[in-house]
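Please keep the 3D view open as you read.

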Amino acid sequence: MLVQKDETSTWDIVGAMWANEEDAGVQMLGCISIEKRVTEGGGEATIIPAAVSGVTAIVNAMKNHPNEPAVQERACSALLALSPSDGKREVSFAASGAVASIVSAMQAHVSDAAVQEMACCALRKIVAQGGAERATVVASVSGFTAIVNAMGAHPGEGAVQKEACKALEVMTGFPDANLPDLPGMQTAPLLQMAKEKFPYCREAVDVVLTRLS
């Protein structure tokens, strides 16, 4: 398949995704291939050109296949790899719908730990890149609620708890961001549970709880 060939350019991968937008398999493989090109290429010289054409194709894949968890997971992973490009040239993870699509994936696949883990990680990196403005965007599309719900839905999944705690740590680190009332969302008990059950969550949990107090 074209999108799987190592010699295929990112531009051609994106073209194949648009030409076969109803094919979930092509979309999933396209997301994997874009991520591979970016992670192996390294640096802005690879990431930004890939994001200019790739972000909208990935978002389109997510919108066309909302009930395919494999597509959603790999799309979140690809957006994670492309996140350093947000805000550069004409790339916008807000205007393109990337942030909203990640949150929608979390809402549609609450019971899928792999989707929740990857989505939390992607949101964390997007906010770390975009600061208070991106934290506000995430909050505006119910991203904070989605992260808290991920923690509640997967209390025994250490990877989900870790990424959710780290995402909340980053997102609460911008005083100028317009964020929801996290204590009112039952966040503190879930954080305490993660801290007690998974030692590697302790540092992030302590930071978040301090900010919420």
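Glu44 has a relative accessibility of 47% and so counts as partly exposed (buried is under 20% relative accessible area, exposed over 50%, partly exposed in between, with a 1.4 Å probe and protein chains only). Lys88, at 26%, is partly exposed too. Their side chains meet in a salt bridge, 2.5 Å from N to O (a side-chain nitrogen of Lys or Arg within 4 Å of a carboxyl oxygen of Asp or Glu). Glu44 sits in helix 3 and Lys88 in the loop between helix 4 and helix 5, so the pair ties together parts 44 residues apart in sequence. Helices here are DSSP runs of H or I, at least four residues, numbered from the N terminus.

## About the model

This is a predicted model, in which local features need pLDDT of at least 70 and side-chain atom pairs count only at pLDDT 80 or more, while totals for chains, interfaces and linings use all residues. Residues are numbered from 1 along each chain as its sequence is written, and side-chain values use heavy atoms, leaving out hydrogens and water.

## Other salt bridges

The structure holds seven salt bridges. One of them joins Glu35 and Arg74, with the closest N and O atoms 2.9 Å apart. Glu35 belongs to helix 2 and Arg74 to helix 4, so this pair links parts 39 residues apart in sequence. Glu35 is buried at 16%, and Arg74 is partly exposed at 22%.

Asp86, Glu133 and Arg134 form a salt-bridge network. Within the pair Arg134 and Glu133, Arg134 is buried at 7%, whereas Glu133 is exposed at 56%.

Conventions. Helix = DSSP H or I, 4+ residues; strand = E, 2+ residues; numbered from the N terminus.
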